[in-house]
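Trainee: I would like to go through this model with you, one question at a time. Where shall we begin?

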Amino acid sequence: MCGIIGYIGKSQAKDLLIDGLRRLEYRGYDSSGIAVRDNGELCVLKAKGKLDNLIGKLEERSFSGTCGIGHTRWATHGAPDELNAHPHLSRSGKFAIVHNGIIENYKELCDMLISQGYSLRSETDSEVIAHLIELGYDGDALKAIQKTVKLLKGSFALGILCADENALFAVKKDSPLVIGSGEDGIYIASDMQALLSKTHEFLLLESGEMAKITDKAEIFDFDLRPVKRQVYVAENDKSDADKHGYAHFMLKEIYEQPEAIERTLLSQGELSFLDGIGSIHLIGCGSAYHAALMGKYIIESLTGIRVHADIASEFRYRNPIIKPDDLLIAISQSGETADTIGAMNIAAGKCKTACIVNVPLSSLTHVAEPMYTYAGPEIAVATTKGFTTQLVNLYLIAAKLLSNKGDSRVNELMTELSSLPLLVENVLKTVSPVKLAFLLAQNDYAFFIGRGADYAAAKESALKLKEISYIHADCYPAGELKHGTISLIQKGSPVIAIATDKQLLSKTVSNIAEVKSRGAFVIAVSPFDIDACDALIKIPYAKYVAPLLASVATQLLSYHTALVRHCEIDKPRNLAKSVTVE
Ligand code: F6R
């Protein structure tokens with residue numbers, strides 16, 4: 001989703017801004033732009049499409065100045081073209097802004113500006129911000145910005161320049177933004193990841209705060225009361241943002257899973273938020289929701305504690321029944337997903353809350369007790385190690401609940417979990433889905449089926465295939481297919497069946513036979529030899545963690561299928577890594 005970068009210091013801003021935008025590319029975008037303050041004037045350059053288009057344009061122009069802002073835009077309001085790209089200038093050109101978030105009342109604000117003689121150049125909800133600041137400006141930019149943020153409804157992280165002041169302004173409300181202090185100057189960015197090559201020292205803005213940055217950063221609340229903030233020093237992460245010889249970040253991240261899982265297993269604390277709870281709500285979006293769904297099957301079947309799994313964007317608007325002894329756990333790799341934060345806010349104050357999050361100190365961790373995954377930075381848009389480490393935490397939650405009950409199965413589960421890094425390594429070494437990928441790549445659709453936790457694994461596998469290879473994939477509980485969808489099965493229809501549960505094996509095998517007899521080409525992912533299928537992706541046997549192993553196998557299958565189709569694997573079209581709007 002939109003990325004913001006800003007710089008003020010002694011060096012030329014242009015190259016630093018472009019470098020920052022490069023590091024924000026993984027968030028997903030469809031246009032980009034920068035603005036630099038040059039001798040009291042704001043110069044703006046924007047381009048549709050890839051960052052290289054902006055760089056190409058920059059080569060044709062001189063662009064000097066030591067204070068600037070940059071943006072990668074993921075279109076929400078208005079087409080992904082140059083006109084709608086950020087930065088947006090105010091009418092006189094005195095202010096330039098970049099925005100991440102959504103201004104919900106922008107139509108009202110547009111009307112107000114039009115009645116004051118302004119005309120809007122773009123179709124965005126963001127442009128109004130630049131004009132409003134200018135309208136409220138009487139020589140003090142900070143005050144004009146403060147007046148403006150009071151008028152805005154919605155979510156907004158902002159980077160702002162004023163032609164009259166050698167300063168960089170930052171605002172944060174319900175959208176991510178950090179300040180980083182480097183040797184050559186001070187930066188703002190949508191995430192720490194974008195700045196780790198420049199600094200490990202951060203001032204983390206809270207929602208409802210703004211900053212004026214010159215040779216120092218001064219933080220204020222929205223009533224302009226000064227705020228003191230400790231410097232946060234980010235750890236030097238070994239699994240940094242380089243591909244280390246892999247063709248794609250996704251492949252690197254798939255192969256990092258044994259280590260990521262081991263770190264996650266070894267780093268957990270007491271999990272005291274699990275004491276004395278009634279039922280559990282697991283919420284998330286996309287793959288994080290699939291983790292929640294798998295968590296439901298795992299925790300309920302092992303512990304007998306009721307678990308509801310919900311898509312965060314549905315949960316937040318359906319008046320969910322929340323009891324005081326319930327525990328709500330939000331699952332999010334980024335910790336910044338707007339709907340997941342929104343759902344968490346619904347539960348806050350009504351029941352206990354916790355979150356399973358990968359990015360340290362991200363927004364969710366400020367509102368609920370974090371149980372971190374230790375996957376390290378995840379750069380590929382499609383999550384892999386983020387997802388499997390979420391599952392690890394859910395298995396650990398099941399183990400802790402078993403232990404609270406004095407259930408001896410906890411020992412068996414923990415023993416299996418301790419061998420999980422090796423089991424995943426085994427999958428990575430033995431599964432070689434290239435031939436099947438060539439076959440799958442020729443189709444424009446596929447079906448995934450599974451029962452129980454394998455159904456959740458199948459849903460995640462279908463999503464992975466769709467998002468990176470652009471093959472439409474539908475997923476069903478294996479017993480559900482014959483209630484309608486089986487009419488779509490014809491000769492050669494690819495069906496991927498996940499079957500890791502011994503108890504359910506004969507049922508899933510029957511479902512495989514049903515589609516086979518209608519001509520389907522069935523690929524089974526299983527530790528068992530299944531005669532009914534056309535191809536078998538064999539994974540190691542495990543009593544509890546086999547659905548996770550199946551997910552790793554299908555990550556490889558999706559990756560290789562996308563590779564055969566020459567897709568842009570790390571940055572699939574239309575997608576954003578961190579979805580900060582609802
Ligand atoms: C799919 C994928 C997305 C995310 C979803 C939630 O591969 O990555 O479906 O899982 O956008 O993101 P987080 O976990 O950051 O809340």
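Predicted model: local features only at pLDDT ≥ 70, side-chain atom pairs only at ≥ 80, totals over all residues.

Trainee: Which cysteine sulfur is nearest to that of Cys355, and how far away is it?
Mentor: The structure holds zero disulfides, and Cys355 is in none. A disulfide would need two sulfur atoms within 2.5 Å. The nearest cysteine sulfur is 13 Å away, and it belongs to Cys351.

Trainee: What about Cys567: buried or exposed?
Mentor: Its relative accessible area is 13%. The cut-off for buried is under 20%. Cys567 is therefore buried.

Trainee: How many salt bridges does the structure hold?
Mentor: The criterion is a Lys or Arg side-chain nitrogen within 4 Å of an Asp or Glu carboxyl oxygen. By that criterion, the number of salt bridges is 32.

Trainee: How many residues apart are Arg27 and Asp191?
Mentor: Their side chains meet in a salt bridge, 2.9 Å from N to O. Arg27 sits in the loop between α1 (13–24) and β2 (31–38). Asp191 sits in the loop between β10 (185–189) and β11 (201–204). Both residues are buried, and the pair links distant parts of the chain, 164 residues apart.

Trainee: Which parts does the Lys516 and Asp534 pair tie together?
Mentor: The two side chains form a salt bridge at 2.8 Å, N to O. Lys516 counts as partly exposed at 29% relative accessibility, and Asp534 counts as partly exposed at 35%. The pair ties together helix α17 (residues 505–516) and the loop between β24 (521–526) and β25 (535–538).

Trainee: Lys538 forms a salt bridge with Asp529. Is Asp529 buried or exposed?
Mentor: The closest N and O atoms of this pair are 3.0 Å apart. Lys538 has 39% relative accessibility and counts as partly exposed. Asp529 has 58%, and the cut-off for exposed is over 50%. Asp529 therefore counts as exposed.

Trainee: Which residues are linked with Arg22 in a network of salt bridges?
Mentor: Salt bridges can also join into a network here. The residues linked with Arg22 are Glu25, Asp52 and Lys571.

Trainee: What separation do the centres of domain 1 and domain 3 have?
Mentor: The protein is divided into domain 1 (3–238), domain 2 (242–418) and domain 3 (425–569). The centres are taken over C-alpha atoms. For domain 1 and domain 3, the separation is 44 Å.

Trainee: Between which domains does the second largest pocket lie?
Mentor: This pocket has a volume of about 640 Å³. Of its 33 lining residues, the closest to its centre are Cys285, Gly286, Ser287, Ala576 and Val579. Elements that give two or more residues to the lining include α8 (287–303) and α16 (453–469). Two domains give residues to the lining, so the pocket lies between domain 2 (242–418) and domain 3 (425–569).

Trainee: How many charged residues does the lining of that second largest pocket have?
Mentor: Sort the lining by class. There are 14 nonpolar and 12 polar residues. The charged residues number seven.

Trainee: What is the volume of the largest cavity?
Mentor: The structure holds one cavity of 30 Å³ or more. Residues that line the largest cavity include Arg73, Trp74, His86 and Asp125. The lining divides into two nonpolar, six polar and two charged residues. The volume is about 60 Å³.

Note on methods. Residues numbered from 1 in each chain as written. Heavy atoms only, no water. Helix = DSSP H or I, 4+ residues; strand = E, 2+ residues; numbered from the N terminus. Buried < 20%, exposed > 50% of the residue type's maximum accessible area, 1.4 Å probe, protein only. 1 Å grid on protein atoms, 1.4 Å probe; cavity = no way out; pocket = protein on both sides within 12 Å on 5 of 7 lines; lining within 4 Å. Points joined across faces, edges and corners; volume = space filled by probe spheres on them. Nonpolar A, V, L, I, M, F, W, Y, C, P; charged D, E, K, R; others polar. Domains from an automatic or database assignment.
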